[in-house]
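Have the sequence and the model side by side. We will walk through the structure one place at a time.

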Amino acid sequence: MLDASTFAYAAGLVIIAAVAWGIAAPLLRVAADAPAMQPADPERRRLEKQRDLAYAAIKEAEFDFQMGKLSSDDYAALRRTYETRALAALAELDRRRADVPRR
């Protein structure tokens with residue numbers, strides 16, 4: 001027959017398993033839905049990545065400028081280059097959104 005300590009141990013394991021499942025279930029559900037949330041258009045993904053990379057490069061150049069690693073002329077040139085890339089990607093993304101018929 002089960003003694004009290006064995007029962008307490010089993011009950012504790014059940015509670016731990018229930019809590020772990022309660023925490024992990026939403027995370028697993030989001031991971032399963034992730035491919036459905038990705039845009040199906042590879043060109044759109046490319047433009048979004050180009051935009052994000054340009055933003056990151058601007059931040060990096062600004063950081064380097066503030067740290068004294070870049071002159072003001074170099075910083076201005078880099079910023080202009082990456083702002084142009086980001087704006088081109090944003091303009092193309094906006095154009096593609098305008099071409100998609102609304103529901």
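What follows is a tour of helices, side-chain pairs and surface.

This is a predicted model, in which local features need pLDDT of at least 70, side-chain atom pairs count only at pLDDT 80 or more, and totals for chains, interfaces and linings use all residues. Residues are numbered from 1 along each chain as its sequence is written, and side-chain values use heavy atoms, with hydrogens and water left out.

Start with helix 1, which covers residues 4-37. Helices here are DSSP runs (H or I, at least four residues), numbered from the N terminus. Ile15 sits in helix 1. Is Ile15 buried or exposed? Ile15 counts as exposed, at 55% relative accessibility. The cut-offs are these: buried is under 20% relative accessible area, exposed is over 50%, and partly exposed is in between (1.4 Å probe, protein chains only).

Now turn to the charged side chains. A salt bridge is a side-chain nitrogen of Lys or Arg within 4 Å of a carboxyl oxygen of Asp or Glu. How many salt bridges are there by this rule? The count comes to 8. One of them joins Asp41 and Arg96, at 2.5 Å from N to O. Asp41 lies in the loop between helix 1 and helix 2, while Arg96 is in helix 3, so this pair ties together parts 55 residues apart in sequence. Asp41 is partly exposed, at 30% relative accessible area. Arg96 is partly exposed too, at 22%.

Arg46 pairs with Glu43, with their closest N and O atoms 2.6 Å apart. The two are 3 residues apart in helix 2, which means about one helical turn separates them. Arg46 is partly exposed, at 43% relative accessibility. Glu43, at 29%, is partly exposed as well.

Next, look at Arg79 and Glu62. Their side chains meet in a salt bridge at 3.6 Å, N to O. Arg79 belongs to helix 3 and Glu62 to helix 2, so the pair links distant parts of the chain, 17 residues apart. Arg79 is partly exposed at 27% relative accessibility, and Glu62 is partly exposed at 31%. Salt bridges with shared partners join Glu62, Arg79 and Glu83 into one network.

Rings come next. The structure holds 1 aromatic pair. The rule pairs rings of Phe, Tyr and Trp (its six-membered ring) with centres within 6.5 Å; planes under 30 degrees apart are stacked, over 60 edge-to-face, and the rest tilted. Phe65 lies in helix 2 (residues 42-66) and Tyr75 in helix 3 (residues 72-99), so the pair ties together parts 10 residues apart in sequence. Phe65 is partly exposed, at 33%, whereas Tyr75 is buried, at 15%.

Finish at Ala89 in helix 3. Ala89 is buried, at 0% relative accessibility. Which residues does Ala89 contact, leaving aside its neighbours within four places in sequence? They are Leu47, Gln50 and Arg51, where contact means heavy atoms within 4.5 Å. Arg46 is 43 residues from Ala89 along the chain, and their C-alpha atoms are separated by 9.0 Å.
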